[in-house]
Amino acid sequence: MTSPLHPDHAQVAAYLRGEAAAATWMADQLLCIPRLVAWLRRKCPSVRTDQLPDIAQEAGLTALTRLASYHGLAPFEAWLHRICELSLYTFTRRQGRQRQTDLSFDPEAPTTPPLDAMADDEHRARIRAAIESIGGAEADILKQRHLEGRELRDIAASRGIPLNTVRTWYYRGLKKLQWRLGEGPDGSGVPA
Amino acid sequence: MNPPRDELDPVDPMLERLLAGELGLDDPTVRDRMQQDPDFAAEAEALLTLAAELDPPPKSVRGEPEPWAGADRAMVELVQQHRKPVVPIAGHRRRWPWLVAMAAALVVAALMLWPRGEKLPEIDGSLYLQNCMVSPRGEVQRGSLVTTGFDWSSLGATPGTTYKIELTDEKGRTLSIGLPATTGDLSLPLTQTQVDALPSKFRWMLISSNDYSPSRRCSTDVVLLP
């Protein structure tokens with residue numbers, strides 16, 4: 001049977017409890033950050049290579065201060081991937097404000113490493129179980145979006161409902177899931 | 001159990017479109033909103049991060065070579081510096097209350113008996129930041145300092161806090177490069193002239209005028225690479 005949480009979740013919890021072995025694990029995980037930043041930079045060519053260490057440092061800090069928001073649905077590295085992306089956006093936002101230069105992302109540029117889309121059955125089973133726990137129309141939208149890879153616009157068209165409604169269900173589905181998964185690896189969060 | 005209705009409403013149209021992928025984080029309206037509305041930014045980032053966990057996991061980058069010299073070492077040091085104190089977990093709480101009390105007593109005694117050494121600078125009877133998650137730190141390119149300046153935005157300061165930055169060289173001598181006496185910002189840009197005036201190794205200390213955190217001091221060593 002698939003565990004409801006990825007094994008990385010236990011490691012993050014151990015790190016937050018201050019266990020020494022988990023600190024070694026965490027350091028090993030964070031080695032992904034400079035590599036992810038270097039990958040993501042291809043999407044934002046106006047970021048200079050000499051700025052990447054600063055962005056990686058910021059991403060590392062952000063990750064360490066937001067560990068409680070890792071829900072354990074995916075490998076920790078997948079969560080770090082989004083943290084790096086957000087850090088890169090934050091950096092470009094700040095730089096753009098300071099220098100009034102165009103630092104927008106290039107949507108045509110190569111972006112992330114290739115996806116192991118269908119390879120991780122365990123991941124899909126875990127996600128399916130988490131989504132089904134919230135039930136209702138919101139769960140259907142989340143499944144179609146994340147397990148079938150469909151755009152909300154397509155979902156609205158195929159079901160014959162307004163796009164606004166689908167957007168709202170999607171948002172509410174994420175909020176419900178966030179609520180249900182609220183207890184982060186630090187033991188904090190909302191009651192499930 | 002699902003969240004109460006007031007946790008879900010009102011729905012924010014921009015947040016919905018951002019989550020739907022119809023707006024990007026690089027969209028100017030989103031950028032402005034995230035800059036001006038920290039609650040919106042926090043919620044957007046939390047939900048985007050959750051959505052990322054739902055997506056198929058990206059292929060691991062572990063096999064990639066170190067993208068720049070020192071990248072791995074910087075991450076290891078970051079974790080070492082960020083080690084959290086042990087957080088008691090349910091079921092183990094108050095297991096050794098006498099040990100905690102004894103340790104606290106020893107700390108108090110040590111503080112009382114410890115010889116007073118270097119007098120720490122103060123502003124407005126301030127405390128000193130202990131969490132040194134600031135930049136620059138460690139080895140950085142000299143040229144990048146003009147862009148980044150001193151930045152302590154990750155400390156999560158409360159409004160109204162003012163800061164003072166002190167610079168010293170390797171031998172502890174105070175450096176003066178024309179920094180303002182205090183600032184209310186979360187970063188301090190540097191001019192090319194100021195960067196040129198910095199030695200290749202220096203220490204900068206960030207001092208807060210506000211006791212918003214259990215802070216003491218934030219002293220960070222920097223090595224400027226040519």
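**Interface of chain B and chain A in the predicted model.** In this predicted model, 69 residues of chain B are in contact (heavy atoms within 4.5 Å) with 86 residues of chain A. The area buried between chain B and chain A (the accessible area, 1.4 Å probe, lost on putting the two together, summed over both) is about 7,300 Å², and carbon and sulfur atoms give 61% of this area.

**Salt bridges between chain B and chain A.** Six salt bridges (side-chain nitrogen of Lys or Arg within 4 Å of a carboxyl oxygen of Asp or Glu) are found across the interface. In one salt bridge, the side chains of Glu45(B) and Arg66(A) meet at 2.7 Å, N to O. The largest share of the side of chain B that touches chain A comes from helix 4 of chain B, with 11 residues.

**Helix 8 of chain A.** Helix 8 (a DSSP run of H or I, at least four residues) spans residues 152-159, and its buried residues (under 20% relative accessible area, 1.4 Å probe, protein chains only) are Leu152(A), Ile155(A) and Ala156(A). These buried residues line one face of the helix, because they fall within an arc of 100° seen down its axis (directions from the helix axis to the C-beta atoms). On the other side, Arg153(A) and Ala157(A) are exposed (over 50%). The buried residues pack against helix 7 (136-146) and helix 9 (163-180) of chain A. Gly160(A), with a positive phi near 70°, follows helix 8.

Residues are numbered from 1 along each chain as its sequence is written, and chains are lettered from A in the order in which they are written. Local features need pLDDT of at least 70, side-chain atom pairs count only at pLDDT 80 or more, totals for chains, interfaces and linings use all residues, and side-chain values use heavy atoms, without hydrogens and water.

How values were computed: Helices (H or I, at least four residues) and strands (E, at least two) are DSSP runs, numbered from the N terminus.
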